[in-house]
Amino acid sequence: MTNIIFFGPPGAGKGTQAKKISDLLKLEHLSTGEILRLKILQKDKLGLKLKDIMASGKLVSDDVLNEIVAEKIVTCKDTGFILDGYPRTLNQSRFLEKILKNNFLKLNFIFNINITFDTLKNRIINRSKEEGREDDNLDAIKTRYDAYLQTTTEVSNYYSSENPEIFFDIDGSDQIEEITNKIKKIIVK
Ligand code: AMP
């Protein structure tokens, strides 16, 4: 059983890589952005609130995310999972550690996909044409990138100093297949 975290700013390709690696290793792909987008479709009170926050590019509250992830991890703890988009704050990472400990689980790999703002800006604008995501516009991209730099980098730095043996920086400007191959090589070593 393998448990993995993918870090990376919006547009770094972490969702694409997480999907490929989860298919390959038969792991549950836990994309918190995807889970939240499904909740928006329910159009209830929470869904409407999420829609506004996410369209602006801001982070959704830790409480909402922690509850979602706790439930998902418990249901797929025997399969193994890839966390894509979580944890994004130190509060979330502390919560994750608690869930892992309570369920006798550990992390096996952490991949940190790096990319410059210019590269991701172009990628996201192209993605918006294909997927029609409301938060794939320039203002929201800037807010999401800033949230990443201000909040999530602190989280990835924490893991890189606490777990250097399982933490791997990956160049996100490479081609998709090349990145997947690099990740696969690390996993099967
Ligand atoms: P993503 O698909 O990972 O880029 O996430 C899309 C949006 O969902 C983000 O811009 C946030 O508004 C929200 N979101 C996803 N995951 C989290 C998280 N772990 N903490 C807070 N907000 C999140």
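A backbone N or O atom of Val60 lies 3.0 Å from a nitrogen atom of the ligand, a polar contact being a pair of N or O atoms within 3.5 Å. The model is predicted, so local features need pLDDT of at least 70 and side-chain atom pairs pLDDT 80 or more, while totals for chains, interfaces and linings use all residues. Residues are numbered from 1 along each chain as its sequence is written, and side-chain values use heavy atoms, without hydrogens and water.

**Ligand surroundings**

- The ligand is surrounded by 17 residues, each with a heavy atom within 4 Å of it.
- Thr32, Lys58, Gly85, Arg88 and Gln92 are the closest.
- A polar backbone atom of Lys58 is 2.6 Å from an oxygen atom of the ligand.
- Arg37 has a polar side-chain atom 3.2 Å from an oxygen atom of the ligand.

**Helices α1 and α8**

- Helix α1 (residues 14-25) packs with helix α8 (residues 176-188) at about 50°, the axes being 10 Å apart.
- That angle makes α1 oblique to α8 (under 35 degrees is roughly parallel, over 145 roughly antiparallel, 65 to 115 roughly perpendicular, and the rest oblique).
- Among the α1 residues that meet α8 are Ile21 and Leu24, contact meaning heavy atoms within 4.5 Å.

**Helices α6 and α7**

- The axes of helix α6 (residues 117-131) and helix α7 (residues 138-162) come within 11 Å and cross at roughly 135°.
- This makes α6 oblique to α7.
- Residues of α6 including Phe117 and Leu120 meet residues of α7 including Leu138 and Tyr145.

Technical notes
Axes fitted to C-alpha atoms, helices over the stretch in contact; angles between N-to-C directions. Helix = DSSP H or I, 4+ residues; strand = E, 2+ residues; numbered from the N terminus. Polar contact = N/O pair within 3.5 Å; in protein donor to acceptor, adjacent residues only side chain to side chain.
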